Amino acid sequence: MADWIEYTQMWGEAEEAAWPVLAVAASAESELLYAGDSSGRLSMLTLGDPGQPLDRHASVVCAQAPIRRVEALANARVFAQSDDAVQVLTDGGRQAFKRTTLPNDAFTAAGVNTGSAQAFVCTSAGAGSLLDLAAGRVVRRSIIEPSVGAVHFGDTLVLGTSTGELVGRDPRAPSNSMWTASLFQGAVADIAAHRTQIYACGSRPSAGQPYQTEADTVVRVYDTRNTSGPVGSIQCSDGAPRWLQVCDGALWIGHTPGYVEARRLSQLGDDGGHLYIEPDLDEYAEMSAFAVAPSGQAALVADSGGVLHVWTSSDPPQLSLDGRVSDAVVPDAEATTGPVGGEGVDIGDESVSLSCVRMPDATEQLLSFMGNDVQWDVGRPVNYVDPAILGSLKMMDAIGYAPNPRTRRRSQQPFGRQWRTTWKQVTMYDDSELTQGVAKFRSQQRYGGRRTPLASDGPARSSMVPTQLRRMQIEYSRFGVEDFDFSLYNATPWSGLEGDMRNSYANALLQLLYHTREFRTLMLSHCASMCAKPTCLSCQLGFLFRMLDTAGGASCHAAMLLQVLEDRPDADALALLEGHPGWLTDAAGSGGGGGGGGSYAPLAQRLLRFVLEQANSECQHLDDVLAAEPDPGRRRVVERVFGFRQLTRLACTACDTLQERESHVLSVDLDPPQGL
């Protein structure tokens, strides 16, 4: 082992060092260090001269809860997991992707596979989500064990539970467990893996204090080729293993009291020849985070006092993999990766499944690898796919499956004159770039139908307006609006409201209220409560908002909400509907048209005020539940979002008596353009 020295032990100003650092990581592409503290701040740091404070590259408060895990990604990005959110940020602190959770279902652990740019996150209620960090979307949700405390995401997804078990799952189907091993009497604290071996540390019941746990001094070793139980253990006398990491042929173990040891994978069971690093911590501080740089030349140790200690084996150290000097922990030439304390797995053992036999690790790029340097754009249009195939296509992950229509020979693609003629016919209409020649109606798609040219459609190349911004002609088949495939025109997850219904002037107003987060949460919460009022306006708003949440871009309608407005006497008295005898017209007699030729501006004004007043009255039982912080004025949720506090003073001129009255006024005055 090489000699290691403490390079620096400071990472910020003195007044900023009060927050404990809970997560650290180093980038494999650049000389950047990432540190997340308990205040939700993520700092990007660079090394300076020995003994000098670390230089701050960027710093951003990206969470409202402590940051528990930080992982460096490719393309100068970083993954951060806190109790309330998981997110991806750039090296400048800009947010590229974020997912939040419910307040009572915090994120407990996360594992990142940097090779596939995927992450698996777990919540305290037992919900797991597979995230595509590059595309910024949720690939799959699954039900897993509750209160998972550690995750390793490699070829196999390994979860460490609060009951001391390791659960192996297939990343492609996380709901199904492949194997389970019970290793500890307490919770699993951390997991590391090397090929088929998995290393885990955890806790055990405290000997002197009942109902309490303490760190187990043994690191368990488990082999995925042998599901009968642990194949070995690593004794750490007088230690408290809390962090594990495999780097440069060595297993690094971070202990809570404040020291780190590195053991060669070929000598895990030996008592000597190991590397020990013991930073100088404060008297009342203990280790709070640990990580090893990808180059293996630097170890990062953070303590509860807010100090980041950087230990290196070279001066200056190299953090990234590019141009590193291999004088750090290097495994012996005869290093073995077999089970600790065992002779391997017998091929005749019935407990060993054939799928556990790994292929030899490739040290060079495979011949089948197609990188960007061997791909060129030659300008040829995309291959034409038969609509019969697209109509019956079923997607699984990123692969689509469809029955063979047997319209041509196997493994042949038409590129002749007939194909080019068909391609030109499909692409000559204004919306073909969006529909790709697919029929607009689902009933036609089931039979492999192609779209028919519309008489009102013009050539795409004759207009200067981009295709995605042109006005599209929406037609309906004999099956109604439900048969129209809106996903051909709307690739976003946001849904629209149908505009061909009576009183659809309220669609824009309903969309505005839906995208007001506090109001949407209030309506959804009221919808989930036991409300027995048949004409409750808040219930109908909650049903509509839930429809917009789950539609996934499909068209929605507010028919039930508008029907409730027609049935309520108080709404009828305010003339909130089109064509009502009391619908006021403007002075000039012009306006928005509609049934009575009246103006839509006062109509929308009255509807907005009526909806807010009704929601304020019907949802008063949820104010204390949804309030983020106590309100001394006892204002309701709607009043806090859409209103302001008004103080009225009455003075008597005869007796000089002064009376004050405080009220809440809803500020909903609209200022529409003239002529609406």
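**Close-up views: aromatic rings and a helix crossing**

**View 1. Tyr 514, Phe 519, Phe 545 and Phe 642 make up one aromatic cluster.** Rings of Phe, Tyr and Trp (its six-membered ring) pair if their centres lie within 6.5 Å. Five aromatic pairs turn up in a search of the whole structure. The model is predicted: local features need pLDDT of at least 70, side-chain atom pairs count only at pLDDT 80 or more, and totals for chains, interfaces and linings use all residues. Residues are numbered from 1 along each chain as its sequence is written, and side-chain values use heavy atoms, with hydrogens and water left out.

**View 2. Trp 4 and Trp 252 pair edge-to-face.** Their ring centres are 5.4 Å apart and their planes stand at 70°, so the pair is edge-to-face (planes over 60 degrees apart; under 30 is stacked, the rest tilted). The pair links distant parts of the chain, 248 residues apart. Trp 4 lies in the segment before β1 (5–8), Trp 252 in strand β24 (residues 250–255). Trp 4 and Trp 252 are both buried (under 20% relative accessible area, 1.4 Å probe, protein chains only).

**View 3. Helix α6 (residues 517–528) crosses helix α10 (residues 600–618) at roughly 55°.** Their axes, lines fitted to C-alpha atoms over the stretch in contact, come within 11 Å. Helices are DSSP runs (H or I, at least four residues), strands likewise (E, at least two), numbered from the N terminus. Phe 519, Met 523 and His 526 in α6 meet Val 611, Leu 612, Ala 615 and Glu 618 in α10 (heavy atoms within 4.5 Å).

Terms used: Axes fitted to C-alpha atoms, helices over the stretch in contact; angles between N-to-C directions. Buried < 20%, exposed > 50% of the residue type's maximum accessible area, 1.4 Å probe, protein only.
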